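Dear colleague,

Please find the structure below, together with its sequence. I would be grateful if you read the notes with the model open beside you.

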Amino acid sequence: MIIVLLGPPGAGKGTQGELLAARLGIPKIATGDLFRAALREGTPLGVEAKQFMDRGDLVPDSVILGILREAIASPEAVRGAILDGAVRTVPQAEGLAECLTTIGRKVDAVLLFEANHTELIRRLSSRTTCDICQTPFKGLQPGTACPRNDGGRLIRRQDDEPEAIQNRLNVYEELTAPVIAWYETHGVPVQRIDAIGDVTDVTARAAQALERVQHAG
Ligand code: AMP
């Protein structure tokens, strides 16, 4: 299954994507994680992405589509993939659909994680993130060793500063929210998931939504 995760920043796409990927035994492709890893390694991709990411702006569609094409065609994705934050504009949704068509595949489901603005701002402004595994943590100070013991340190992401958060939410409304209607009009079921509550409860809701899609198909 090719599953696209949509939802505003802070809705929990990364956390849920990882849990769902483990459950389904397919990889999670998170473009934001790829950019942060590229930046750590100092590659040209990382340097290019940084100027957009720090402000909370979107990296150009052409860059994203190049990454998606490669990721979808990789042997690891042969049974499917969870695309976390990897489709953020209508041209990206169109480009991904074209690329999947050429290899006889399609997006099977869209999971839309929903939470109100107050909750999103609260989550983003109070989290720290491991600079290695990218896992976000609540209530741990920057500089703390990653609780996953991977040698990483917790940092405050530059785009989790208040100005960038507001910009990311605006960018979501303007450029990403229209992707929901695009999928609906192109026959891809969009499952809305209440992203407020315990992580395990939200995962259970997402898993149920995927079962509904599988049964309907
Ligand atoms: P995330 O970790 O998903 O919040 O992504 C962090 C940042 O990476 C975003 O704010 C964008 O600057 C960039 N980014 C990640 N995925 C995309 C995408 N599909 N389109 C454009 N920019 C992206």
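The notes below cover the ligand and then a pair of helices.

This is a predicted model, in which local features need pLDDT of at least 70, side-chain atom pairs count only at pLDDT 80 or more, and totals for chains, interfaces and linings use all residues. Residues are numbered from 1 along each chain as its sequence is written, and side-chain values use heavy atoms, with hydrogens and water left out.

The ligand is surrounded by 17 residues (each with a heavy atom within 4 Å of it). The closest are Thr 31, Arg 36, Asp 57, Arg 88 and Gln 92. This shell divides into seven nonpolar, four polar and six charged residues (nonpolar: Ala, Val, Leu, Ile, Met, Phe, Trp, Tyr, Cys and Pro; charged: Asp, Glu, Lys and Arg; polar: the others, Gly among them). A polar backbone atom of Asp 57 is 2.6 Å from an oxygen atom of the ligand, and a polar side-chain atom of Arg 88 lies 3.0 Å from an oxygen atom of the ligand.

Helix α2 (residues 31–41) supplies the largest share of the shell, four residues (helices are DSSP runs of H or I, at least four residues, numbered from the N terminus). In α2, Thr 31, Leu 34 and Phe 35 meet Val 63, Ile 64 and Ile 67 of α4 (contact means heavy atoms within 4.5 Å). Five residues of this contact are nonpolar, one is polar and none is charged.

Yours sincerely

Notes:
Axes fitted to C-alpha atoms, helices over the stretch in contact; angles between N-to-C directions. Helix = DSSP H or I, 4+ residues; strand = E, 2+ residues; numbered from the N terminus. Polar contact = N/O pair within 3.5 Å; in protein donor to acceptor, adjacent residues only side chain to side chain.
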